[in-house]
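Reader: I am new to this structure and would be grateful for a close look at a single part of it. Would you please describe the surroundings of the ligand in one connected account?

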Amino acid sequence: MINLLPDHVANQIAAGEVVQRPAAAVKELMENAIDAQATDIKLIIKDSGKTLIQVIDNGSGMNEVDARMCFERHATSKISKAEDLFALRTKGFRGEALAAIAAIAQVELKTKTEESELGIQLTIEGSKFKGQEICTCANGTSFSIKNLFFNVPARRNFLKSDRAEYKYILDEFIRIALAHPVITFSLINNEKEQYRLPKETLRQRLVSLYGKKYNPRLVPVEENTDIVNISGFVCKPEFAKKSRGEQYFFVNDRFIKSSYLNHAVLNSMEGLLQGDLHPTYFLFLDIDPSKIDVNIHPTKTEIKFEDERSVYAILRSALKRSLGQYNIAPSLDFSLNPEFQVPITSKNRVLRTPNVQVDPTFNPFEQEREIGNSALSSGINNPIEHQQNYRKPTNSEKGKHWEALFEEIQDDMNTAIPEYQPSVETVEMEVDIGESRFSFQLQNKFILTQLKSGLLIIDQQRAHTRVLYEQYFKSLPNKRPLSQQLLFPQEIYLSPGDMELFKEILDDVESLGFDISMPAELCLMINGVPFETKAGEVDKIIEALLDSYKNESDAWKQDSHKYMAKNLALSNSVKTGQALNTEEMNQLIDELFACEMPFVSVHNKPTAIILEMSELFKRFQ
Ligand code: ADP
Ligand code: MG
């Protein structure tokens with residue numbers, strides 16, 4: 001009953017997996033050229049690869065025997081025994097691609113090695129050998145793939161629009177060009193040259209591909225350890241994007257996708273990224289090939305690390321360090337960014353007295369009367385105790401908060417933020433915020449408001465995180481006190497490993513306000529969530545909780561409530577970049593100063609600072 005499939009049928013089936021679309025053939029051919037040590041690779045495309053895909057390289061070339069052999073299934077020069085799989089440095093190793101491509105297209109190969117004077121030209125069509133002759137050609141190899149899927153019309157019909165297919169090709173081209181800046185690449189599409197990339201450095205290649213504006217955004221990352229070497233660039237967090245655009249991981253120069261490593265990047269930028277923006281990065285991980293498995297996915301874009309957690313931790317700390325060194329991390333909040341410093345003198349500039357125009361009819365008192373009792377004056381006259389929802393601290397409470405605050409800041413100050421020295425008075429001053437106060441948002445990051453003694457500047461994200469943290473923390477012992485039921489319960493699927501871990505923290509997570517059932521083996525059903533949780537964020541939050549448990553499980557065990565409250569607060573807080581209206585700003589100010597420790601963020605950084613009048617007067621002297 002059982003038949004062995006003829007090779008050409010097996011090849012066609014395999015082609016379905018390896019070559020789903022023209023872009024996949026592009027990837028395989030370009031990777032073969034790189035494996036053949038080419039230093040110059042040309043890609044020629046017609047009709048988004050449906051009519052022609054040609055890759056010309058100046059690599060090793062093939063002799064006559066190899067040129068015939070290379071289309072056989074499992075024909076590869078890259079490995080010869082099983083152990084070789086653990087020392088892979090080449091892109092290919094399965095010997096499947098050319099057999100698969102030749103099964104579903106008309107292929108013309110021209111190739112010549114340095115040693116031979118003449119090259120060989122060979123045609124093959126739907127796995128059938130069509131002819132072979134001697135030819136004159138340059139050293140290296142040229143594969144022309146014509147009429148892809150000519151004998152599998154179903155696949156051809158499955159292809160998307162020309163533009164979409166070309167976009168896939170472009171993605172592959174760029175991934176490969178990024179991974180190999182020392183190789184010269186060009187891309188010709190429908191007879192027009194789209195790219196010509198000379199041999200260059202990675203920074204230059206990024207600029208060649210994405211434009212000059214990228215240069216100042218790039219922060220270098222470099223970390224060498226026994227487990228993994230990391231290099232590449234991350235873009236400054238302020239250039240993060242709305243969509244997941246340029247996020248590239250290369251492991252041993254192979255492009256891979258990894259949400260786990262992406263999380264490490266996000267984690268390293270905690271507090272620096274605005275809202276839901278996605279950071280841009282080009283990161284290269286170099287790792288002993290025996291410590292990874294690239295053979296878990298047909299297109300090899302997913303890989304398995306033997307020691308995934310260490311790679312995560314090293315990546316995160318490498319990024320943190322780079323961001324810190326380049327003055328982007330919050331620990332350096334108080335240092336001046338050199339880009340923003342205005343040069344006071346300039347050699348070639350003639351200083352002129354500013355030409356001031358004065359309105360002679362201006363009477364300042366008139367204006368003040370107009371404003372009347374609102375903003376300015378009442379801000380000073382109506383102390384905050386008149387506010388309904390403000391929980392006024394009693395004197396003893398104030399003292400207590402202050403002591404606690406002071407100790408914590410003192411601890412922190414020795415290391416991170418020497419300039420931050422609030423005096424006892426600054427804490428007292430909090431009660432002097434006016435009732436109908438005038439609040440103002442600066443760059444969707446800071447809230448400015450007037451105090452009796454000066455100007456209060458609040459970091460909105462840190463402040464709201466502090467507020468939520470205290471609220472969640474207080475509610476924790478009451479078990480699901482502040483839960484809101486979801487209209488549409490959400491399913492979240494976890495890997496078996498994650499599910500086991502999640503069961504360990506299920507009780508804790510439920511006491512935060514999550515209402516969770518488990519309808520199936522690896523499925524969580526989220527029926528309710530803690531207050532202030534956005535329904536669309538639920539899976540992200542669960543993932544973040546799980547990750548923080550994974551990565552800091554000791555700290556978690558020591559004080560799980562603190563950890564969870566902090567995590568949830570970080571996920572749910574108002575982010576930098578979010579515009580707030582007056583009411584929201586005032587509510588946040590009220591809530592912040594109803595906190596036990598209003599001036600300290602959950603990461604022990606300032607949430608708010610006060611610029612005193614006396615300081616302002618000094619600056620204007
Ligand atoms: P793999 O890359 O997994 O070895 P392929 O089917 O892609 O399998 O290629 C088969 C073999 O053909 C390669 O191992 C290599 O020896 C040879 N080959 C393919 N492309 C080239 C090229 N551009 N230059 C030189 N040799 C090549
Ligand atoms: Mg190959």
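**The surroundings of ligand 1**

Author: The model is predicted, and the account below begins with the contacts of the ligand. An oxygen atom of ligand 1 is found 2.9 Å from a polar atom in the backbone of F93. Side chains take part as well: a polar atom in the side chain of K78 lies 2.6 Å from an oxygen atom of ligand 1, and a nitrogen atom of the ligand is 3.2 Å from an N or O atom in the side chain of T141. Taken on its own, ligand 1 has 530 Å² of accessible area, and the protein covers 93% of this.

The ligand has 21 residues around it, of which N32, T76, S77, K78 and G95 come nearest. Sorted by class, the shell consists of nine nonpolar, eight polar and four charged residues.

For α2 and helix α6, which spans residues 162–179, the angle is about 20 degrees and the axes are 8 Å apart. Because angles under 35 degrees count as roughly parallel, α2 is roughly parallel to α6. The crossing in which α2 passes α6 is right-handed.

Technical notes: Residues numbered from 1 in each chain as written. Chains lettered and ligands numbered in written order. Predicted model: local features only at pLDDT ≥ 70, side-chain atom pairs only at ≥ 80, totals over all residues. Heavy atoms only, no water. Near = heavy atom within 4 Å. Polar contact = N/O pair within 3.5 Å; in protein donor to acceptor, adjacent residues only side chain to side chain. Areas by Shrake-Rupley, 256 points an atom, 1.4 Å probe, with all protein chains shown as cover. Nonpolar A, V, L, I, M, F, W, Y, C, P; charged D, E, K, R; others polar. Axes fitted to C-alpha atoms, helices over the stretch in contact; angles between N-to-C directions. Helix = DSSP H or I, 4+ residues; strand = E, 2+ residues; numbered from the N terminus. Parallel < 35°, antiparallel > 145°, perpendicular 65-115°, else oblique. Left-handed = near helix turned anticlockwise from the far one by under 90°.
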